[in-house]
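My notes follow in the order in which I took them.

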Amino acid sequence: MLARLHAAAVFGVEALPVSVEVDVSGGGLPGITMVGLPDTTVRESRDRVRSAIRNSGFPFPVGRVTVSLAPADVRKIGAAFDLPIALGILAASGILPQRDGREMTVVGGLSLDGGIPPMQGVLPIAVAARKTARPALMFPAANLAEAGIVADLPLFPVASLTDAVRVLSASSPESTTPPTRSAHVAPAGGEDLVDVCGQLRGRRALEIAAAGSHHLLFSGSPGAGKTMLARRLPGLLPPLEFDEALLVTSIHSIAGLLPPGAGLVFTRPFRAPHHTCSDMALVGGGASPRPGEVSLAHAGVLFLDELPEFSRRVLDTLRQPLEAGVVHVARVARSVTFPARVMLVGAMNPCPCGFHGDARRPCHCPATLVERYQRRLSGPLRDRFDLGVEVQAVPWGDISGDTVRETSAVVRARVDAARRRQLDRQGRLNSELDGRALRTHAPLDRPSHALMATAVTRLWLSVRGVTRVLRVARTIADLAGDGHLRADHVAEALQFRVPERSTSRYSHEA
């Protein structure tokens, strides 16, 4: 007897439909045969499914069981096929009735006792199920809040194999009403800017970076406040829009980072990987491609502390994702694409000892060692930073004084207003403007043109460097509420170029 159910497999940030066909025949040696490119986890489901069926009180068929997962040219990964395989075996054995028009997408793993634990990737599967001809989804009950994000999708959460059989045996099962959408606030460096003493240039750079979504590089001696400033950046950013939140939540669901019961993630991600991470951990990949840190930080902040300590090969893998906003992972069988539009924030010491150029403590590093240390950050990657700030140690007067400092909420209001001006004018943020759009939305008047001509010669600005200066200048004008670019906006943008001391002659070879 043959039974057919519908499942789904996650590839990248999307889910593809998978047909699960089960045939139970009386002839041949007893056993379960699986075809359709199952991976090791799927092949191991033979033992889980057999134990789950028996421990749930159902007889396991005596005979040959053949399971086919189609399409056959796509590798099936993970334990999410346990439940549809078990239900298919029960249906093919005559224990579970088969009815036309009762098609739904079924996903979920199985414990040996027949329980259904929470799983990863339910949200993209729910999105894919919504697009089918007969949208409905059976899934682990622990993922109800996540699946409930998708509107107008009948949901059938089940906590055990017995529950799943009860649903499919009913003539007209009732779907579950999802709970009210809840916003999961991920822990994301939400410290307030009011705690920062002094550092006026650093605070200003954070405001400009947040307003235009610009990449930012901090350089300075240890303890000057580089990390403290960087961790205040998420508090200056507005919450995610619904479409952004849906994509960010899908990425975190696939990576298994959503806690049980979590709904949409509206807080912008903040990721700070250790400098020992590999290139695949940073940009994603693997035999079964998974999102890396740059994708987990999509629509948020990727903070790389101790930037020169990262492997140069690892850092250079960021160059293409920073420009394109996506990561393409190519494999022989299939290629996947992960979103990767992030704000990159780096922090570095000027030399190995950390005190090169410090007014308080002398640096004992030889000049060749300082240059070699700074060359760990390649010129092409350094050129992708829109803003550069040398963070100086805060004097005691700023620490002990009673100066009133702005809170993150006050600065965020200005950032929100500047972002609205950009979206109303050009439909995107200034960091995404190309050459033609810059000429349209950020034309230079005569004083600004003369200033840029001088800067190109004296600062060795490349074409990309000029573009980034103009993007920052446009953001500065938006923060000031100016519709036109002026020379003072360009002058301030030039002041935030990567510090000259951090740019060796080797940085310009690229």
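I began with helix α3 and listed its buried residues: Asp82, Leu83, Pro84, Ile85, Ala86, Leu87, Gly88, Ile89, Leu90, Ala91 and Ala92. Buried here means under 20% relative accessible area, exposed over 50%, and partly exposed in between, with a 1.4 Å probe and protein chains only. Helices are DSSP runs of H or I with at least four residues, numbered from the N terminus. Because 11 of the 11 residues of α3 are buried, I noted the helix as largely enclosed by the rest of the structure. After α3 comes Gly94, with a positive phi near 90°.

I noted that the model is predicted: local features need pLDDT of at least 70, side-chain atom pairs count only at pLDDT 80 or more, and totals for chains, interfaces and linings use all residues. Residues are numbered from 1 along each chain as its sequence is written, and side-chain values use heavy atoms, without hydrogens and water.

Next I looked up the nonpolar cores, sets of buried Ala, Val, Leu, Ile, Met, Phe, Trp, Tyr and Cys residues joined through side-chain atoms within 4.5 Å. The largest has 73 residues, and Ile53, Val67, Leu83, Leu87, Ile89, Met138 and Leu304 have the most contacts inside it. Helix α3 (residues 82-92) supplies the largest share of this core, eight residues. Another core, of 47 residues, lies apart from it and includes Phe270 and Met452.

Last, I checked Glu293 in helix α11 (residues 293-296). I logged Glu293 as buried because its relative accessibility is 15%. Leaving aside neighbours within four places in sequence, Glu293 is in contact (heavy atoms within 4.5 Å) with Arg271, Pro273, Ala281, Leu282 and Leu302.

Terms used:
Helix = DSSP H or I, 4+ residues; strand = E, 2+ residues; numbered from the N terminus.
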